[in-house]
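Reader: Before I use any of the labels attached to this model, I would like to know what each one rests on. Please take me through them.

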Amino acid sequence: SEAAALLAAGPAARRERPAHDGAPRLVVDSLTVRDRERVRLDALSFAVAPGEILGVAGVDGNGQEELADCLSGMRRPEDGAVLLDHDPLVAADRPPD
């Protein structure tokens, strides 16, 4: 894989990578997830561009597991969508694969 090759090549090779255009690769748009108890994600939106690192923190029960399930395609949101390189991974109107 590209990632393995870059790790094996060392830091100099990673610095030589071409610059990206800044467009986000991962987009979460108005993601809403509810369960029997309450709303776990309420219109959550964010974007991650190449080279960025996103951390998710919170106390137990605040939606981290639901977000991970939606990002992985294991759960369909009530509303919103997750896009990777402009292609839908999961959307409210599209059942998971």
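Reader: What makes strand 1 and strand 2 a hairpin?

Author: The model is predicted, and in it strand 1 and strand 2 form a hairpin with 4 residues between them. Strand 1 covers residues 26–34, and its pairing with strand 2 is antiparallel over 6 bridges. Two strands count as paired if there are at least two bridges between them, so the 6 bridges here meet the rule. Along this pairing Val33 stands opposite Leu41, and Leu31 opposite Leu44.

Reader: Why are strand 2 and strand 4 called edge strands?

Author: The open sheet has 4 strands in the order 2-1-3-4, with antiparallel pairing. Strand 2 (39–48) and strand 4 (87–91) each pair on one side only. From one strand to the next the twist averages 20°.

Reader: What lies across strand 1, strand 2, strand 3 and strand 4?

Author: Helix 3, residues 64–71, lies across them, and it runs at about 125° to strand 1. The protein chain has 3 helices and 4 strands, in the order α-α-β-β-α-β-β from the N terminus.

Reader: What makes the phi of Ser30 worth a remark?

Author: Most residues other than glycine have a negative phi. Ser30 is not a glycine, but has a positive phi of about 55°. Ser30 lies in strand 1. His86 is another such case, with a positive phi of about 75°, and its place is in the loop between strand 3 and strand 4.

Reader: Why is His86 called exposed, and why is Ser30 called partly exposed?

Author: Exposed means over 50% relative accessible area, and buried means under 20%. His86 has 67% relative accessibility, so it counts as exposed. Ser30 has 30%, which falls in between, so it counts as partly exposed.

Reader: What makes Glu78 and Arg34 a link between distant parts of the chain?

Author: Glu78 is in the loop between helix 3 and strand 3, Arg34 is in strand 1, and they are 44 residues apart. Their closest N and O atoms are 2.7 Å apart, and the pair is a salt bridge. Glu78 is partly exposed at 47%, and Arg34 is partly exposed at 43%.

Reader: Why is Arg40 called buried?

Author: Its relative accessibility is 13%, and the limit for buried is under 20%, so Arg40 qualifies. Asp35, which meets Arg40 in a salt bridge at 2.7 Å from N to O, has 27% and is therefore partly exposed. Asp35, Glu37 and Arg40 are linked in a network of salt bridges. The count for the model comes to 4 salt bridges.

Reader: How much of the protein chain is buried?

Author: Buried residues make up 24% of the 97 residues. The accessible surface comes to about 6,900 Å², and 52% of that belongs to carbon and sulfur atoms.

Key
Residues numbered from 1 in each chain as written. Predicted model: local features only at pLDDT ≥ 70, side-chain atom pairs only at ≥ 80, totals over all residues. Heavy atoms only, no water. Helix = DSSP H or I, 4+ residues; strand = E, 2+ residues; numbered from the N terminus. Axes fitted to C-alpha atoms, helices over the stretch in contact; angles between N-to-C directions. Contact = heavy atoms within 4.5 Å. Buried < 20%, exposed > 50% of the residue type's maximum accessible area, 1.4 Å probe, protein only. Areas by Shrake-Rupley, 256 points an atom, 1.4 Å probe, with all protein chains shown as cover. Salt bridge = Lys/Arg side-chain N within 4 Å of Asp/Glu carboxyl O.
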